[in-house]
Each structure stands twice: as C-alpha cells, then as structure tokens.
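Biologist: I've got a new model open and I'd like to learn how to read it. Could you walk me through it?

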Amino acid sequence: MKKIAIVAALVVAASVTSACATKRYPIATQWSSAEAEAMDCNDLRLELIRANQIQTQVAETADFDWRSVAGFLGDYGIGNAMAKSDADKAIRARIQGIQEAQRTKQCTV
C-alpha cells in the first residue's frame, strides 16, 4: 500500500511539473496593412529592429533548460516544439511584412 502511494505521488508530481513546463515564447502580432500605411521609413526601421529582437528572444528561449527536460517528460517535448514553431512562423511573417512595406515605400535600408 505504501509503494502504491509513493508511485501515485510521483505520477501526480510529474504531471503537475510537466503541465507548467511549456516554454513561453514571445509571439509577434500579425502585420497589418494599416500599420504599413501609418509608418514612415524610420518607423519601419525601428519596427524591424524590434522584430529582430523578438526573433533573438525566441532563439534564446529555445535554449536547453529545466523546462526542456520537464516538457520532454510530459509530452516528449512536442508542446515546446509546437510553441517555438508558432513563434518562429509569426515573427518571420512580421519581418517579411515590414520588409515588403520598406520596399513599397522605397526606404533605403
């Protein structure tokens, strides 16, 4: 009976730990045409700098740490991989939109 209680406690502890183990990646908002129209070349340059900083944060968040281990134990790391993929996709789309707006406005980079 004591062994069952210990095993049950370990299972509960592992479940609680893995449920909170998904990394929190910064997610960029979708680029809109209204943003592109409202910004001048200097604003677009600053927005591109911010987007590149978010891209760096996503890469740094992906570094191996205790959440990587806990996430792997909980779902084989699938949750963390999906969150990173979503963050990467969002920031790449935002950067692409900013660069397109720069080309449209003929900004010198």
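This is a predicted model: local features need pLDDT of at least 70, side-chain atom pairs count only at pLDDT 80 or more; totals for chains, interfaces and linings use all residues.

Biologist: Which residues make up the largest nonpolar core?

Modeller: A nonpolar core is a set of buried residues such as Ala, Leu or Ile, joined through side-chain atoms within 4.5 Å. Here the largest one has 12 residues, including Cys107, Leu44, Trp31 and Met39. Both α3 (41-61) and α5 (78-104) supply at least two residues of this core, and α5 gives the most, with four.

Biologist: Let's zoom in on α3. What length does this helix reach, from its first C-alpha to its last?

Modeller: You compare the span with what 1.5 Å a residue would give. With 21 residues, α3 reaches 30 Å, close to the 30 Å expected. Then look down the axis: the buried residues of α3 fall within an arc of 140°, so they line one face of the helix. Those buried residues are Leu44, Glu47, Leu48, Ala51, Val58 and Thr61.

Biologist: Which residue caps the N-terminal end of α3?

Modeller: For a cap, look for a side-chain atom meeting the backbone. That's Asp40 here, with a side-chain oxygen 3.2 Å from the backbone nitrogen of Asn42.

Biologist: Thr61 is on that buried list. Why is Thr61 called buried?

Modeller: Buried means under 20% relative accessible area. Thr61 has a relative accessible area of 16%, so it counts as buried. A polar atom of the Thr61 side chain lies 2.8 Å from the backbone oxygen of Gln57. Apart from neighbours within four places in sequence, Thr61 is in contact with Lys23, Arg24, Tyr25 and Pro26.

Biologist: Now another threonine, Thr108. Is Thr108 buried or exposed?

Modeller: The cut-off for exposed is over 50%. Thr108 is exposed, at a relative accessible area of 78%, and is found in the segment after α5. Thr108 and Cys41 are 67 residues apart in sequence, yet their C-alpha atoms are 8.1 Å apart in space.

Notes. Residues are numbered from 1 along each chain as its sequence is written. Side-chain values use heavy atoms; hydrogens and water are left out. Buried means under 20% relative accessible area, exposed over 50%, partly exposed in between (1.4 Å probe, protein chains only). The expected span of a helix is 1.5 Å times one less than its number of residues. The arc is that of the directions from the helix axis to the C-beta atoms. A polar contact is a pair of N or O atoms within 3.5 Å; within protein, one must be able to donate a hydrogen and the other to accept it, and residues adjacent in sequence count only if both atoms are side-chain atoms. Contact means heavy atoms within 4.5 Å.
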